Amino acid sequence: MPAAPTPESHARVDADTTLSTDPLWWRQAVVYQIYPRSFADSNGDGLGDIKGVTSRADYLAGLGVDAVWLSPFYPSELADGGYDVADYRNVDPRLGTLDDFDEMIAALHGRGIRVIVDIVPNHTSRMHPWFQEALAAGRGSAARERYIFREGTGPDGSQPPTDWTSTFGGAAWEQVEDGQWYYHFFAREQPDLNWDHPDVREDFLTTLRFWSDRGVDGFRIDVAHGLAKDLSEPLPSQAELDAMPMDGHHRIFDRDEVQDIYATWREVFNSYDPPRTAVAEAWVNPDRVPRYANPNSLGQSFNFDLLEADFNADQFRTIITDNLELASSSGSSSTWVLSNHDVVRHATRYGLPDAVRTHGPRPDKPVGQDWLLTGGTQPELHREQGLRRARAATMLMLALPGSSYIYQGEELGLHEVAEIPADQRQDPTFFRTNQKEIGRDGCRVPLPWVHDAANFGFGGPAHLPQPSWFADSAVDVESAREDSTLSLYRRALHLRRTLQGAEEMEWVDDSIEAPYSDQVLHLRRPGGWDVITNFSTEPIPFDTSTAILTSEPLTDGVLPGETTIWCAPRS
């Protein structure tokens with residue numbers, strides 16, 4: 001394992017400066033995820049676009065992030081929010097041009113902000129030229145070998161090859177006009193690629209070079225554990241597939257040979273100076289994470305455990321301890337995330353009863369949809385408590401060693417938008433489950449920028465309807481309030497830069513006396529700062545005289561319930 005970097009090796013740059021050449025910039029970076037179609041719309045068509053991102057470069061610099069991660073912006077029919085890619089080396093014309101992308105890179109780099117883009121290698125769009133060629137070429141063609149085509153079962157082949165189901169609901173096989181079937185783990189518009197085919201492997205190397213040459217600093221790899229598959233006959237049933245352990249020999253997930261693919265990607269990454277970075281979206285067993293996070297593979301892997309945790313001291317402590325040990329074993333740094341484009345926003349999750357807040361650990365499903373089941377009774381949402389807990393959890397997360405990922409809008413304290421009419425929803429989950437699962441649209445609603453402007457300053461009429469209560473969380477409103485969630489994020493991110501030290505921490509177990517000790521986490525960063533989170537609803541006695549930032553207002557000598565405090569080092 002490499003030695004932990006020193007603070008000097010992570011010198012950061014201020015806004016309006018050029019980028020540092022530090023090859024380890026990613027180890028403790030704050031990365032802001034942008035869902036481009038819902039961030040900012042520059043031309044009034046109702047879709048966020050690349051120029052919209054550029055127009056908010058000063059906002060991002062003022063927030064204090066080190067990098068942005070752009071969810072897919074490629075040409076797409078939007079069957080799955082852009083994760084159905086028709087051209088991996090272009091910009092969707094509705095979102096801009098490659099020249100617009102270059103201008104965005106320059107604007108962000110000029111403010112010291114790096115750029116990470118999403119790569120979606122498990123599947124393409126059905127509109128991708130390769131798949132259109134495969135449909136036209138017919139049975140037995142070389143073009144079909146790039147995908148996973150099979151003959152059907154039954155006397156006339158009219159039944160799918162297996163009973164496998166899609167993660168979005170329904171069958172995982174779709175029949176084409178000549179009678180063959182193709183496999184799609186996600187929506188029918190997203191045919192899975194055959195990663196045993198040399199064309200597939202070489203084309204993605206070309207894609208990685210294409211974006212790296214344009215100045216992209218890193219890549220987030222979608223479904224990184226899903227590329228290598230063993231589809232030799234006989235194929236198992238869905239029940240047999242579900243029962244297979246994720247130990248490197250599962251037929252479609254986390255197979256050992258997927259690392260052969262990433263070894264070639266690493267050669268491409270390392271051919272640049274500084275090397276391009278990558279982070280895996282890999283829903284795998286914890287002991288398998290280092291295979292993706294080591295320096296010979298992608299280098300870093302997402303840690304999603306906090307997405308599935310209650311607001312609970314024991315759960316947070318176990319997750320933090322386990323994931324720091326896991327990162328250490330691979331020589332990488334951990335990643336921390338509380339919200340993203342696939343889950344119910346954490347301000348809402350923490351305001352719901354635990355029993356309905358989440359599906360629990362499900363590697364094949366987004367988190368936190370059960371409370372929105374159509375036709376069911378929605379539980380009461382405690383909005384203020386949810387936001388208070390979210391602010392406390394965020395301050396704890398931002399103090400941890402490793403990189404922190406924040407999702408657009410969480411800095412405004414936005415809640416999930418539940419009130420979207422059925423005819424305006426877009427997530428394929430909603431439709432393929434016959435509206436039994438509401439899907440992920442509620443966290444993808446376009447952001448509010450100006451409280452009294454049309455469409456809250458987003459641009460044109462938003463592609464997902466914005467609720468009226470967004471007005472109170474608009475950027476201009478929160479910028480004017482010192483106690484707003486936006487102001488808290490800005491202070492925390494800028495302060496973090498001055499406090500961040502080596503990638504180490506220790507638990508302090510003797511600062512809080514019983515009966516409060518089991519409800520409080522106290523950690524200490526070397527040469528940095530003390531961080532204390534009160535997970536209970538009750539205030540506890542605590543010396544707050546050295547406080548430098550708190551998620552809620554303090555009372556002398558008391559740490560309020562559901563509050564995090566950062567304290568300066570004691571002399």
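**Exercise 1.** In this predicted model, at what angle do helix H12 (residues 383–398) and H15 pack, and how far apart are their axes? Classify the arrangement.

*Solution.* Step 1: the angle between H12 and H15 is about 10°, and the axes lie 11 Å apart. Step 2: angles under 35 degrees count as roughly parallel. Step 3: H12 is therefore roughly parallel to H15.

**Exercise 2.** Which residues make the contact between H12 and H15, and how do they divide by class?

*Solution.* Step 1: H12 contributes Leu387, Arg391, Thr394, Met395 and Leu398. Step 2: H15 contributes Thr485, Leu488, Tyr489, Ala492, Leu493 and Arg496. Step 3: by class, the contact of H12 with H15 has 7 nonpolar, 2 polar and 2 charged residues.

**Exercise 3.** Which strands pair with E10, and is strand E10 (residues 403–407) mostly covered or open?

*Solution.* Step 1: strand E1 (residues 30–34) runs parallel to E10, joined by 4 bridges, and Val31 stands opposite Tyr405. Step 2: strand E9 (residues 335–337) is also parallel to E10, with 3 bridges, and Thr335 faces Ser403 as its opposite. Step 3: E10 is mostly covered, with 5 of its 5 residues buried. Step 4: Ser403, Tyr405 and Tyr407 point one way from E10, while Ser404 and Ile406 point the other way.

Notes
Residues are numbered from 1 along each chain as its sequence is written. This is a predicted model: local features need pLDDT of at least 70, side-chain atom pairs count only at pLDDT 80 or more; totals for chains, interfaces and linings use all residues. Side-chain values use heavy atoms; hydrogens and water are left out. Axes are lines fitted to C-alpha atoms, for helices over the stretch in contact, and angles run from 0 to 180 degrees between N-to-C directions. Helices (H or I, at least four residues) and strands (E, at least two) are DSSP runs, numbered from the N terminus. Angles under 35 degrees count as roughly parallel, over 145 as roughly antiparallel, 65 to 115 as roughly perpendicular and the rest as oblique. Contact means heavy atoms within 4.5 Å. Ala, Val, Leu, Ile, Met, Phe, Trp, Tyr, Cys and Pro count as nonpolar, Asp, Glu, Lys and Arg as charged, and the others, Gly among them, as polar. Buried means under 20% relative accessible area, exposed over 50%, partly exposed in between (1.4 Å probe, protein chains only). Two strands pair if DSSP finds at least two bridges between them.
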